[in-house]
Amino acid sequence: MAMAISSVHATLFARASFFCQSNGLRSFRSCLPFSSSAASVSTHNHSQKKWRQPVLSVLDVGGVKISREDVVRDDPTNNVPDNIFSKLGVQLHRRDEHPLGILKNAIYEYFDTNYSNKFEKFDDLCPIVSVKENFDDVLVPEDHVSRSYNDTYYVDPQTVLRCHTSAHQAKLLRSGHTHFLVTGDVYRRDSIDSTHYPVFHQMEGFRVFSPEDWEASGMDATLFAATDLKKCLEGLASHLFGAVEMRWVDTYFPFTNPSFELEIYFKENWLEVLGCGVTEQEILKRNGKPNNVAWAFGLGLERLAMVLFDIPDIRLFWSNDERFTSQFSKGQLGVKFKPFSKYPPCYKDMSFWISESFTENNLCEVVRGIAGDLVEEVQLIDNFTNKKGMTSHCYRIAYRSMERSLTDEEINNLQSTLLTIFREKLMYSRCRTLGLWMIVYARPFIKTFKDKKI
C-alpha cells in the first residue's frame with residue numbers, strides 16, 4: 001500500500017473559534033479578517049465585519065445546534081457544499097467500534113498509563129472556527145497557501161471549517177490547561193484518490209513545562225522540551241506499532257521551533273507518523289505563559305489507521321455497510337480488514353480549456369458534489385497548449401463503489417449531469433470559481449491532445 005497517505009500528519013497546530021462541547025468549556029467566538037487571492041476578498045474590506053455565530057437548529061455539534069443556512073450560504077465568500085455540511089456532527093472518532101475510535105482510545109491508553117491521567121482529553125469541540133483561531137493564533141503567515149479559498153472551506157470571510165485540531169490550542173491555554181489531547185474532524189479541499197478525502201480526523205497533543213521542570217536537568221528549556229517530546233512519541237509509536245525502527249527528520253512548521261517528523265520502518269517502507277516540535281515562544285507569550293516552554297504534536301488518524309488495519313481506501317471509513325463495520329470491535333487495535341468486494345471501476349474522460357484561475361481542487365469539489373463517494377479518483381492524464389497559448393486538460397474520472405457494482409446507466413447519468421453543470425457554468429458564464437473556458441469533448445475514452453488538431 002502506498003505510504004504517501006495525504007498530508008494529514010502535517011497538522012497546523014491552530015485553534016477553533018467557538019467551543020461547543022461537553023468538557024466544561026463554554027461557547028465562545030472571536031474573529032480576524034481574511035485575504036484570499038482565489039475569491040478576491042481583501043482583509044481591508046472585511047476587517048470590520050463581525051464573526052457570526054450559527055443560529056441554533058438542525059445539527060447538534062458538540063452541544064450546539066447548527067442549521068444548513070449557517071454553514072452553506074448563497075454568498076460568493078462561502079465555498080462549503082452540501083456534501084461537506086452533511087459530515088458535520090458525524091464524529092467517527094467518537095465511535096468506540098470504529099477503526100478511528102479504536103485508534104484514538106489506544107492513544108488515550110498510552111497517555112493515561114505513562115502520564116498518570118495528567119492529559120485532559122477533548123474530542124467534542126465544534127469544527128466551525130474563526131480565521132484568527134485557525135491561522136493567526138498559530139502564526140500561519142498571511143500569504144500562506146493554506147489560507148486560500150482553494151484549500152480551505154470558508155463559511156464567510158471571518159469563519160472557516162477548521163483545517164486542523166490545533167485551532168483549539170490558544171483557547172485551552174488561556175483557560176489554564178497545560179496537558180491536553182484534542183481530537184476531531186478537520187476539513188480541507190483536496191484532490192480525489194484512495195488516500196485523500198475532504199474530511200479527515202486529527203489528534204493534537206500539547207504539554208507545558210514550568211522553569212522548575214527543566215532547571216534541575218542541567219539542560220536549557222528548549223532542549224529539555226525536545227528531549228521529553230521525542231521520548232514521549234517514541235513510546236507512543238512502540239505502543240501502536242510494536243518494536244520498530246524509528247528516525248527523526250528535521251522539518252519546518254510555523255508554530256514550532258525546532259520542528260520534527262517521526263518516521264518508522266514498517267512493512268519495508270519508511271512511514272511518516274506525525275509532525276511535532278517545541279512550541280514557538282510567541283504563542284505562549286500571547287496566551288499568558290511567557291516564562292514557560294511547551295511541546296506539541298499532531299497526527300492524522302486515517303493515515304495511521306489505514307496502515308494498522310490494512311484499509312486500502314479512505315472512503316471506507318465512512319461506510320455503514322455491515323461487511324465493513326462488523327469487522328471491528330472496541331479495544332481491538334490492528335485487526336486486519338478483509339475486503340468484502342472487488343467491484344470493477346468505470347472510467348470516463350473529460351477534456352476542457354482552462355484559464356489561469358483554474359485549480360484542480362475546484363474541479364474535484366464539483367465532481368464530489370455530483371457523484372459523492374462513488375468517485376474513486378480524478379487524474380490528469382494529458383495536457384496540451386496550442387500556438388495561441390491556450391491550455392487544455394484531460395481528466396480521467398474513476399467511478400467505483402466500495403459496496404456494490406455500478407451500472408452503466410448510473411455512471412452515464414452522473415457523467416451527463418457533470419457535463420451539463422460544466423456547460424451551464426463554463427460556456428455561458430465562464431465560471432470564475434472553476435476557471436474553465438469551455439468543454440472540448442467528453443466521452444469514455446479519447447486520444448491524447450497531442451494526437452488532436454486543436
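Gln 327 sits in the loop that connects helix H11 (322–325) to strand S13 (346–354). The model is predicted. A polar atom of the Gln 327 side chain lies 2.8 Å from the backbone oxygen of Arg 323. Beyond its neighbours within four places in sequence, Gln 327 also touches Val 335, Lys 336, Phe 337, Lys 338 and Phe 340.

Next, a sheet. Strands of a sheet pair through backbone hydrogen bonds, in parallel or antiparallel fashion. Here 3 strands make an open sheet with antiparallel pairing, in the order S4-S6-S5. Strands S4 and S5 are the edges, and each pairs on one side only. On average, neighbouring strands of this sheet are turned by 35° against each other, direction ignored. S5 and S6 run antiparallel and are joined by 2 bridges. Tyr 154 has Val 160 in S6 as its bridge partner.

| S4 | 128–130 |
| S5 | 154–156 |

Then helix H12, residues 360–371. H12 has 12 residues and spans 16 Å from its first C-alpha to its last. That is close to the 16 Å expected at 1.5 Å a residue.

Why is H12 described as largely enclosed by the rest of the structure? Buried here means under 20% relative accessible area. By that cut-off 9 of the 12 residues of H12 are buried, so the helix is largely enclosed. The buried residues are Asn 361, Asn 362, Leu 363, Cys 364, Glu 365, Val 366, Val 367, Arg 368 and Ala 371. Just after H12, Gly 372 adopts a positive phi of about 55°.

Notes. Residues are numbered from 1 along each chain as its sequence is written. This is a predicted model: local features need pLDDT of at least 70, side-chain atom pairs count only at pLDDT 80 or more; totals for chains, interfaces and linings use all residues. Side-chain values use heavy atoms; hydrogens and water are left out. Helices (H or I, at least four residues) and strands (E, at least two) are DSSP runs, numbered from the N terminus. A polar contact is a pair of N or O atoms within 3.5 Å; within protein, one must be able to donate a hydrogen and the other to accept it, and residues adjacent in sequence count only if both atoms are side-chain atoms. Contact means heavy atoms within 4.5 Å. Two strands pair if DSSP finds at least two bridges between them. Axes are lines fitted to C-alpha atoms, for helices over the stretch in contact, and angles run from 0 to 180 degrees between N-to-C directions. The expected span of a helix is 1.5 Å times one less than its number of residues. Buried means under 20% relative accessible area, exposed over 50%, partly exposed in between (1.4 Å probe, protein chains only).
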